[in-house]
Amino acid sequence: MKEKFSKELKKAVKAFIFSLFRLISRVGLNAHVHFEGEKPTGNAIFFGNHTHMFDFMHLSLALKPYKPHFVVRAREFNRNKFYTWFLPILGLIPKLQGAMDLVAVRTIVNTVKSGEPVVVYPEAMTSFDGRNGWKPMSGTGMLARMLGVDVYVAVISGGFLTMPRFGGFHRGRVDITVKRIFTAEEARKASPDQIQKAIADAIRFNDWDWQEENKKRFWGINSVKRLTRYLYVCPNCKKRHTIERKGNTLVCSACGLAVKRDGFGFFHAKSGFCPKRLDEWTDIMLDQIREDIQKDGFALSQAVELRHKPVAEKTYESGGKGQLTLTRDGLFFKGSEDYEWKFDAFQFFVLNDIDFIEINTIHKSFRFIFDDPRDMYRWFFTHRELVL
């Protein structure tokens, strides 16, 4: 009797939470769902672009009445005892971020074969600038092919502008487009590479192109909150770490550039040169990185504290202080213990947006806490330029 009550309670909690997700998406975030072709059934796999950390609310609305199983980073399950208890109730599937996770793959396969829909974010990271943060993880096409079910994509537009990684919450407009790109039979006949490319093409997005076309106002406060960490290069004088926040204005301490952000998310320079869009500002930083990479003896080096743990464990152990170096050949740590990783040993840097980056290898997780965290995004984008 007690076990039955517990099962029914968890079922009720899940139904209530999904109803809440849909309410927040539709009413709170002004989301609208569009279907291209027929509406999906539950027995399918869905791939979505990752605009912000609450995308799952939009997919909960789009896939109503189903309660899909979302693949999320395993670290969320280890935050505290409540998360450890609560997240499995929602049917979430933990996966090690930025590394192959065979347990997660097995869970996805078993869940889909039981007739339950699963949502995967193949980039495995949220957007930095209103565009895709990464390409779909290797093996995405193979996973879709081996499941033997219809393959759908759910593409969100306006999501990044609603909740930009660096700018607080803004209510505007969100469009969610759901379409089937392969029937089960078509997926079985296609090669994994063909499916991989089709998924990558289908989930490609740029919220700034969408905004230029739709011109939706996004209401909110703190429109430039935390942008100074991300925008580490001044577009006017090209110096690093000179952008400061003064109220809702970005100011360069070196050249005097002053920038406001309007209700549509676009930048306007009061003095000096500044691009209109965040993706264009990002491209200025990327151009500088590409020039640096071509220089003889290129390397990034930073004093860090190393922490590490086996992937299955929750607690990190200290590996001491040392020097972390990124070159065209790989990633290197020199301290009381020395490590080196070629780029095929891990997929990408995981950032916490504050003070550390992390890599996940097959057997172990390594966390690097920066003494000076201002260059973290330079590290991330440099690695991305080197491997993509």
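This is a predicted model: local features need pLDDT of at least 70, side-chain atom pairs count only at pLDDT 80 or more; totals for chains, interfaces and linings use all residues.
To find the middle, pick Ala74, Leu96, Lys309, Val311 and Ala312, which are the closest to the centre among the 26 lining residues. Next, colour the elements that put two or more residues into the lining: strand 4 (93–95), helix 4 (102–113), strand 19 (356–360) and strand 20 (364–370). Switch to colouring by residue class and the lining shows 12 nonpolar, four polar and 10 charged residues.

Select Lys64 and Pro65: the peptide bond joining them is cis, with omega about 10°. Pro65 sits in the loop that runs between helix 2 (55–62) and strand 3 (69–73).

Then jump to Ala124, in the loop between strand 5 (118–120) and helix 5 (140–147). Its phi is near 65°, a positive value for a residue that isn't glycine.

Asn30 is another non-glycine residue with positive phi, this time near 55°. You'll find Asn30 in the loop between helix 1 (2–28) and strand 1 (31–36). Is Asn30 buried or exposed? With a relative accessible area of 17%, Asn30 counts as buried, because the cut-off is under 20%.

Finish on the surface: select Phe16, Leu20, Leu23 and Val27, a nonpolar patch with about 390 Å² of accessible area together. Val27 belongs to helix 1.

How values were computed: Residues are numbered from 1 along each chain as its sequence is written. Side-chain values use heavy atoms; hydrogens and water are left out. Helices (H or I, at least four residues) and strands (E, at least two) are DSSP runs, numbered from the N terminus. Buried means under 20% relative accessible area, exposed over 50%, partly exposed in between (1.4 Å probe, protein chains only). Patches are made of residues with over 30% relative accessible area and no salt bridge: like charges are joined within 9 Å, nonpolar side chains (Val, Leu, Ile, Met, Phe, Trp, Tyr) within 5 Å. Accessible areas come from the Shrake-Rupley method with a 1.4 Å probe; for residues, only the protein chains shown count as cover. A salt bridge is a side-chain nitrogen of Lys or Arg within 4 Å of a carboxyl oxygen of Asp or Glu. On a 1 Å grid over the protein atoms alone, a cavity is a set of points where a 1.4 Å probe fits but cannot get out, and a pocket is an open set with protein on both sides within 12 Å along at least five of seven lines; lining residues have an atom within 4 Å of a point. Ala, Val, Leu, Ile, Met, Phe, Trp, Tyr, Cys and Pro count as nonpolar, Asp, Glu, Lys and Arg as charged, and the others, Gly among them, as polar.
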